[in-house]
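Welcome, and please open the structure in your viewer. We will go from stop to stop, selecting one part at a time.

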Amino acid sequence: MGKQTWKERIPAFASVLGLLVLIAAYYIVGAVRDANVAYGLKAIVNQSVVVALVATGAVFIYTLGSFDISLGAATGVSALLGAMAYNATGSLVIMFLVCVGVAVVLGFINSSLASVFNLPIFVTTVAMMSVLSAFMLILIGWNGAGDTVKVKARDVRPLDNIPFKVFILVSYIALCWFIFTLLPTGREAKFIGGSPVCARLSGINEKKLGIIASLISAVGIGLGAFLTIIYAPTLTKDTASSIGMDVIIAIVFGGMPVSGGPRSRILSAVVGAFSMGFMTQIMSMLNLGSGYGQMIKAAIFLLVVFIALGSQRGKLLTR
Amino acid sequence: MKKPSLFRNLLLSLLIPCAVLLVLEIIALAKGVRLFVNADSWKLFFRAVANVTLTTFALSINLDSGRFDFSLGSVSMLSATIAGTLSQQWQLGPWLTLAAAVCIAAGLGLIHGGVYVLTRIPPIIVSLGMALFYEGCAFAFTGGKGVSLVTRTDIIGFSQIGNYILVTAAAVALIVLLFDYTRFGANYRALVSGQKIAVETGIREVGNALGCYAVSGALMGVVGFIGMANTGSQQMALNFGSIGIMFTAFLPMFIGGWIGRYINRRIGIMLGAVSMALISLAYARFDTASSVQSIVSALLLVLFLIYLNNEFAILSRFRRKQEVKS
Amino acid sequence: MKNMKRILSLALCLMLALACIPALADAPVKIGVLVADATGAEALAFRAYYEHYIAKAYNVEFIYSEELNTADGEKNAIDNFIVNNCKAIISFSSVDRPAQIEQCDAAGIYYAVATGTLTAEEYEEFKDYEYYVGAIGPSLDTEFRVGYDMAAYYIDQGMTKFGIFGGAVPYRTDMHIYRAAGMLCAMIDKGGEGAAYQGVTDPGAVIGMIYGTGSIETGKIGSLELMAYVGGYDFDDAWFGKLAQMAGTEGIEAILTVGSGVDVLGSFVSGSNVKLATVDSFTAAMGEAMNSGIIDYVAGKFATSIGPIFVATLNAVNGQPIRDNDGNALALDQGYWVATDAEQFAQYYAVDSSSEDPAYSKAILDTYVPAGVSYDDFAAFIAQYSFDEIAALKK
């Protein structure tokens, strides 16, 4: 195999280029609109970190060519149970362990159902999303304190700072990068995503890998749930409900193919999540109406994906 | 090999809806409730059959070709919004408003398909973008107010059992005709089963994909109109608030797939929708809480899929037991 | 394809550049608005008043959040307003008001609650915060009263069989629970001897029971009967079926809704003798429904009811906050307008929807803009919220 030319390498960096363009646009719009861009950067980190965490873990699932739409509901349930555990014990450590533990259990149930019974993972996660959303409502009812589950803000405030969040994010990315790049797990996952039949014939255990991917992703969900409580300790039935869709958009924005395979990259999720953060800030500064704002957001989304896809288009229609 | 009899196929096709009805009637009996108690119950049932059948067709047309579509709800919402507004301005009757909704929705589907074939972005991603775009359009078009036709007795008068049956029957007939008895349908099936070979043999994939998106859109136009006529209003949704409708179509699609072994698959989908409509009616008659509904529906989906994906193992274990007994 | 990409990239840059142009004009005071509902008729009427009247009458620019339903969403939106250099925030979103106040106070921007109030404990905690302007809107007691008055209106007419649509009761939304509890308590008070809801008669106990179950039980309440109840906003076939069943319940005389009555039940009661009552807003569509007899009773927050909180916020931004003698922030209760016939509704709608001369016009609001407006004067002004009182103020 020959060396890649710079033209061939461009698609790999298109998403980073997209992020740089968005950062430039953010500064330009910020200057014209007389915005507090320095504060905005802090806001972007706060707003993107949970999506970045969950999306980073989800890269493992997407790499396999699978698709999980229950990520938001799983984050919500983990956060609710974590908050309830904190209120019962007053321990942040227990809250952390419950958040991660619940997410891991849910991930295990999801992947086991799919693996043991040969279910299509997307449909399993559709069912799981429905069950978890209903369960959130039931949990809030059990909690018996109106329409929310609250942790006292002052109890979690010491952890609500950028260095702590960045530390958690970087640690998790490092762990995922290690597993994805340096261990056979990552290579095998890419192989399955790229060519499931060949991977199976080569002796790769698809079911085992599916469960491992779900468990790694679940750790990200648990961390995301923990940071959700730290950031905004009043939880409702809608907490984290948008994360499922945000993760899909972040992964695509980050330049990763939704079909998974060898072109999957761990950093796609982070690049995508922060691209979304910058775009949200730009849209907010432009102060467009709800309808027109959403239309422009959709157009920019499709445009960025179109540019980021680069030369990946083939003769046949993409499926 | 002995050819399976028509009667046996018919019986097996009706197995799921009949079993669902039987189970629900038993529960109803235990609860002291009648499933079909008055005209409202029948109306609910036939409306659900129409909505679920059409939505499942709309989803499966593209999903069978590997094209996932999150924008179905937004197409339904935007087409009903525009058609409803036109109906208000020009005092269109129900059938003309329905026709307008269908044409607009087909156009929206075509635009969606156009963006897909032009950009070659993966269909699931295009559908996310289009869902956002159409939700934004509907909001901008009405200033967020949506459409209120609650005083239009002619429009809300459309919500009749006869009209629901007519619309469902027409949709099933057209879809069967289009996908099973035309060149378009033959090309579609060829592309579903072998995209590369089909394209290399000269089938025009782009045209077929555009057609599929247009038909899928048109079906969602009918669903949008039925919803608007039922409540007399069309509410707005933003930030993917419209995608929920898609999830109602999975179970009937899989049931349709199973029934499709014994009868035309499109009719199988309709029978799957009949089963779902019975369940919806039962939820209403038993006054089931929304959270319980969600959990039961999800469990049914998972259980059916478990059976579907492990059918051979389950049946061979069952047969082995029978053999041991005999 | 290459050229196409260039064109598209250029279009993206151009789009951003064009969107920036309005900002080069005269710089107005920026006020952020947190919204919990971006599509409801009431929310749209509020927005229209601010954008089409207030923003033109005063040199202000309103920046709206997206629809918020989570505390982290509220926090993100406030951060976005801070980035935009907003001088104040008016909040219609109530997931975590204490957190909103803390965040704004830390950032040094003014914060006001529109169409709602803080609880007594929350007010005690935040009343002396420098950047907390205060709250003007219906208290939970007022919400209870709205439900109570609605039920009493029909009971006083001799009706005995009712249905209730509970809206967000299953999600434990305070406002809807208090309205529903008000309806039940009116039935208890007017249901004759032995009237009780599930064995209780005390309003506090009724509210507690609804919070506990997230639902309302049907049954006899003395001589009256609650024949049907539907809650939630599922928008699926089963839910519409439940609504149709409620409207078609034999003998039912009136359906009392805590909100969205016409949108969810209008078509089902159309053409029947069942009376429909709702808490909503004064819109053209609602007017048509009133004229055609679909809806019979509307209790609504009038669109311009958010004028006074704007004035209070603007005063604070201008360095003249309205405070009581102890330096505490505003906490003022504001009620609803109630229309029980088409003529009355039309009268309300004409004033409420006017972008030239709305109920709270600039002329009225300007009375409270100058420095030195006392808390008591402002409180007296807010207390005169009925249609006739505002009409008298205009004169």
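In what order do the 7 strands of the open sheet in chain C lie? Keep in mind that you are looking at a predicted model. Select the strands of chain C and follow the order β7-β8-β6-β9-β10-β11-β13, in which the pairing is mixed. Its edge strands, each pairing on one side only, are β7 (219–221) and β13 (337–339) of chain C. From one strand to the next, the twist averages 20 degrees.

Strand β11 (residues 297–300) of chain C pairs with β13(C) in the antiparallel sense, over 3 bridges. To see one such pair, select Gly300(C) together with its bridge partner in β13(C), Trp337(C).

Next, select helix α10 of chain C, residues 261–269. This helix lies across β6 (161–165), β9 (254–257) and β10 (275–280) of chain C. Relative to β10(C), the helix runs at about 170 degrees.

**Another set of strands in chain C**

Now select strand β1 of chain C, residues 29–35. Of its 7 residues, 6 are buried, so β1(C) is largely enclosed by the rest of the structure. β1(C) pairs in the parallel sense with strand β2 (residues 60–67) of chain C, over 6 bridges. Pick Val29(C) and you will find its bridge partner in β2(C), Val60(C). To trace the path between these two strands, follow the chain from β1(C) through helix α2 (residues 41–57) of chain C to β2(C): this β-α-β crossover is right-handed.

β1(C) is also joined by 4 bridges to strand β3 (residues 88–91) of chain C, and these two run parallel. Here Val33(C) has Ile90(C) as its bridge partner in β3(C).

**Helices of chain A**

Two packed helices are described by the angle between their axes and the distance between the axes. The axes of α7(A) and α10(A) come within 11 Å and cross at roughly 180 degrees. That crossing makes α7(A) roughly antiparallel to α10(A).

Which residues of α7(A) meet α10(A)? Show Lys165(A), Ile168(A), Tyr172(A), Cys176(A) and Ile179(A), which meet Ile216(A), Gly220(A), Leu223(A) and Leu227(A) in α10(A). By class, this contact has 7 nonpolar, 1 polar and 1 charged residues.

**Where chain A meets its neighbours**

Show chains A and B together. How many residues does each chain bring to the contact? Chain A gives 38 residues and chain B gives 44 residues. On the side of chain A that touches chain B, α5 (121–143), α11 (243–253) and α13 (290–309) of chain A each supply at least two residues. The largest share, 13 residues, comes from α13(A). By class, that side of chain A divides into 26 nonpolar, 9 polar and 3 charged residues.

For the last stop, select Ser284(A), in helix α12 (residues 267–286) of chain A. Is Ser284(A) buried or exposed? It counts as buried, because 27 C-beta neighbours lie inside 10 Å and the cut-off for a buried residue is 20 or more. Neighbours within four places in sequence aside, Ser284(A) is in contact with Asn80(C) and Asn84(C). Finally, return to Gly220(A): from Ser284(A) it is 64 residues apart in sequence and 28 Å apart in space, C-alpha to C-alpha.

Conventions. Residues numbered from 1 in each chain as written. Chains lettered and ligands numbered in written order. Predicted model: local features only at pLDDT ≥ 70, side-chain atom pairs only at ≥ 80, totals over all residues. Contact = placed C-beta atoms within 7 Å. Nonpolar A, V, L, I, M, F, W, Y, C, P; charged D, E, K, R; others polar. Buried ≥ 20, exposed ≤ 12 C-beta atoms within 10 Å, placed from the backbone. Pairing = 2+ DSSP bridges. Right-handed = clockwise from strand over helix to strand, strands pointing away. Axes fitted to C-alpha atoms, helices over the stretch in contact; angles between N-to-C directions. Parallel < 35°, antiparallel > 145°, perpendicular 65-115°, else oblique.
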